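Please read this briefing alongside the sequence and the model shown below. Its points are grouped by topic.

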Amino acid sequence: TDYPLSESAREVAARLAQAKRNVPHYYLTVDIAVDELLKIRSTLNATLDESAALGVYELLLKAAALSMKAVPSANASWMDSVVRVYDSVDINVVVGSGDSLVTPVIQNCSSKGLKAISEELGSAVKALEEDDDAPIGGLGTFTVMNLGMYGVKSCAPIIREPQACALAIGALETRIVPNDDP
């Protein structure tokens with residue numbers, strides 16, 4: 001059985017295939033303990049209305065933006081003969097699934113508060129759910145995709161041209177971690 005692809009799905013596939021061919025890729029995988037992050041989220045959410053509650057994703061987007069600011073060479077674009085380093089951290093977030101996959105950009109994410117990041121992310125998701133034909137986004141300096149909500153533990157993202165790197169976030173899981181306490 002053949003399933004027709006939308007024009008946008010074909011375009012995304014073509015761009016990703018081109019980026020995989022043209023942009024140098026190497027992959028690093030780390031596990032992080034998020035216990036303190038979850039405590040911070042809980043503390044912040046205790047002061048907010050339930051409708052304005054922050055998710056882990058917003059906190060990780062902010063952390064990624066601050067990391068890009070701390071390591072400017074990662075907040076860069078591959079050009080023909082140079083690497084362009086940016087002052088502003090503009091993060092594309094992968095939202096949706098299948099034919100409804102878009103990558104809105106959160107401009108100057110490192111300078112925004114968590115509430116502003118959450119609101120922009122929520123607006124992008126709402127526009128996608130409403131099937132809004134208005135163009136969403138543009139090209140940022142870095143891309144983050146969250147596959148943890150689907151139970152995926154890790155992913156090797158394709159770096160979008162001309163960005164220099166991308167981050168994939170996997171599922172949170174409870175683990176027993178040995179320590180050196182006597």
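**Briefing on the predicted model**

Leaving aside residues up to four places away in sequence, Ser110 touches Lys62, Ala65, Leu66, Lys69 and Val89, where a contact means heavy atoms within 4.5 Å. The model is predicted, so that local features need pLDDT of at least 70 and side-chain atom pairs count only at pLDDT 80 or more, whereas totals for chains, interfaces and linings use all residues. Residues are numbered from 1 along each chain as its sequence is written, and side-chain values use heavy atoms, with hydrogens and water left out.

**Overall architecture**

- The protein has 4 helices and 6 strands, taken as DSSP runs numbered from the N terminus (H or I of at least four residues for helices, E of at least two for strands).
- Read from the N terminus, the order of these elements is α-α-α-β-β-β-β-α-β-β.
- The radius of gyration of the protein is 18 Å, which agrees with the value near 16 Å that a compact globule of 182 residues would have; the radius is taken over C-alpha atoms, and the globule rule is 2.2 Å times the number of residues to the power 0.38.
- Along the principal axes, the C-alpha trace spans about 55 × 40 × 40 Å.
- Among contacts between residues at least 6 apart in sequence, 54% join residues at least 24 apart.

**Surface and charge**

- Of the 182 residues, 30% count as buried, meaning under 20% relative accessible area, while exposed means over 50% and partly exposed lies in between (1.4 Å probe, protein chains only).
- The accessible surface comes to about 12,100 Å², and 55% of this area belongs to carbon and sulfur atoms; the areas come from the Shrake-Rupley method with a 1.4 Å probe.
- There are 15 positive and 24 negative side chains, and the centres of the two sets lie 4 Å apart; Lys and Arg count as positive and Asp and Glu as negative, without His or the chain ends, and each charge is placed at NZ of Lys, CZ of Arg, CG of Asp or CD of Glu.

**The largest nonpolar core**

- In the largest nonpolar core, which has 23 residues, those that touch the most other members are Tyr57, Leu61, Ile91, Val93, Phe142 and Val144; such a core is a set of buried Ala, Val, Leu, Ile, Met, Phe, Trp, Tyr and Cys residues joined through side-chain atoms within 4.5 Å.
- Two or more residues of this core come from each of α3 (56-70), β3 (91-93), α4 (114-129) and β5 (142-146), and α3 gives the most, with 8 residues.
- Not counting residues up to four places away in sequence, the contacts of Tyr57 are Val93, Val94, Leu121, Val144, Met145, Asn146 and Ile169.

**Loops and local geometry**

- Ser110 lies in the loop between β4 and α4 and counts as buried because its relative accessibility is 10%.
- Asn108 is found in the loop between β4 (105-106) and α4, has a positive phi near 50° although it is not glycine, and counts as partly exposed at 32% relative accessibility.
- The peptide bond from Glu161 to Pro162 is cis, with omega near 0°, and Pro162 is placed in the loop between β5 and β6 (166-169).

**Around Val85 and Pro72**

- Val85, in strand β2 (residues 83-85), is partly exposed at 45% relative accessibility and touches Pro72, Asn75 and Ala76, not counting residues up to four places away in sequence.
- Pro72 sits in the loop between α3 and β1 (76-78) and is partly exposed, with a relative accessible area of 40%.
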